[in-house]
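My notebook entries are below the picture.

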Amino acid sequence: MKQFAHLHVHTEFSLLDGAVRIYEVFELCDKLNIPAIAITDHGNMYGVIKFLQAAVRHTDFRADFLDFMAERRPFKVKPIIGCEVCMTDNMHVREKGKDNVPPKLYHLVLLAKNEAGYHNLVKIVSEGYAEGTYDNPHVDFEFIKAHSEGLIALSACLAGVIPQAILENDFALADAWIKKFKDVFGDDFYVEIQNHDMNKQKIVLPHLIRLAKENSVKVVATNDAHYSTKVDSETQKVLLAISDCSVSGNADVDVDVSDSNFFLTDEFYIKNYDEMYAALPYEDALAASLEIAEKCDPYLIKKEQLLSSYIPPEGMTAEQFLRKLTFDGLKVRYGESNVSKISTFERFSASIAIRCVGRIYNYPDSEIVKITRFIPMMESRKNQLECILKSDECEDEMRKSDFDKLKDMYKNDKKVRVILDMAMKIEGMPQKIGVRYAGVVICYDPIADHVPLVRTN
């Protein structure tokens, strides 16, 4: 089987809009003969370090992560750092327009080619949260242009500015945007094509290919993967339904997802070369994925000293001086951009996963409680449900009777089984971001020069 690299992938860190599990994806790539895969979550880089760590563990589970990076050891499956950012006309406009409608946002996939690209991507993502409003972090073309060094740009899915212009029959505008991106990124700009058997994609596909050819821009095939395998499409729909806080069906029918979510088919998964060729029989576009992967350097994380260094005043130890600075106010001393709190993620526990899935499937709350009462209140282990339902031995003798009752419900009640099977799929996934109040990060220069930032409420 020929090789193909996936360059447009949404992991669980797309927060309720992605179901690709980071710790599973590299083994799947090995099975499908995929030599490289990118992480391109929506507007954030939350999962980048875990993604790289998973790639290292898949290659050598004994290896130290930072040593592996420093020694530039070869990966079994190459990880590529990226992000699908939102772009608007003017990121500094904070007033909504006519009819109180916010400015339109367009998608653009950015991949880090080298260290300069990584730092620019960090700045783009951070600025999207610092300046971007209307719920979605976003930047404008001028900011991307100013921070384009070391980045590869793909024109994205149907939500990209070029496909949107084509759908509006404004081919001159689509052509103008291709020229603008080419002027900025040169040979590192690619027109992205996709085919998930959707009518709008079939409309734009021939025009994307034609306009790319007219502008001497290469075309690359992607699959905008939001879940790992075809059977996981239901998981993605459930996550979207939870995100929308809507009840979208019951345990006897498929979960319905609205037209605006662009998930009208079950084709948004990680495909092998043959499946990609069947959807997009353009060998050059498929080969371009490998060309892009070859351009990208994955060894972008290194150990370095970023803590501010001061000579304490006479008569004070370094520890005493630091405590005084903290007391006086870190932001006043270092500057707001040099100080940050630490983000954390609220994940689906077993009980929360059951409650959310039960509501999406329109299962009565009174019946959901009958399931969750058998789940321990303090859930410390990962994959709690799988451990309870799939294991013949119970380490917790105090709860053995409860676990046996839950197993009986799982075995004998079809609706309970459907709910628990789906809950097992989303258990442990991050659902929203929070703040770890016990820690503060202090850096000798702006933190956004090194790691992506997010602004919370």
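These entries cover the cavities and what lines them.

**Ground rules.** I worked on a predicted model, where local features need pLDDT of at least 70, side-chain atom pairs count only at pLDDT 80 or more, and totals for chains, interfaces and linings use all residues. Residues are numbered from 1 along each chain as its sequence is written, and side-chain values use heavy atoms, without hydrogens and water.

**Entry 1: the count.** I looked up cavities (on a 1 Å grid over the protein atoms alone, sets of points where a 1.4 Å probe fits but cannot get out). I found two of 30 Å³ or more. Volume here is the space filled by probe spheres set on the points, with grid points joined across faces, edges and corners.

**Entry 2: the largest cavity.** Its volume is about 60 Å³. I listed the lining (residues with an atom within 4 Å of a point). Among the lining residues are Ala 156, Pro 163, Glu 192 and Leu 208. Strand S6 (189-193) and helix H8 (199-214) each give two or more residues. H8 gives the most, with three. Helices (H or I, at least four residues) and strands (E, at least two) are DSSP runs, numbered from the N terminus. I sorted the lining into seven nonpolar, two polar and one charged.

**Entry 3: the second largest cavity.** I noted about 50 Å³ of space here. The lining includes Gly 43, Cys 86, Ile 124 and His 138. Strand S2 (78-88) and helix H4 (115-131) each supply at least two lining residues. H4 gives the most, with three. I counted six nonpolar, three polar and no charged residues.

How values were computed:
1 Å grid on protein atoms, 1.4 Å probe; cavity = no way out; pocket = protein on both sides within 12 Å on 5 of 7 lines; lining within 4 Å. Nonpolar A, V, L, I, M, F, W, Y, C, P; charged D, E, K, R; others polar.
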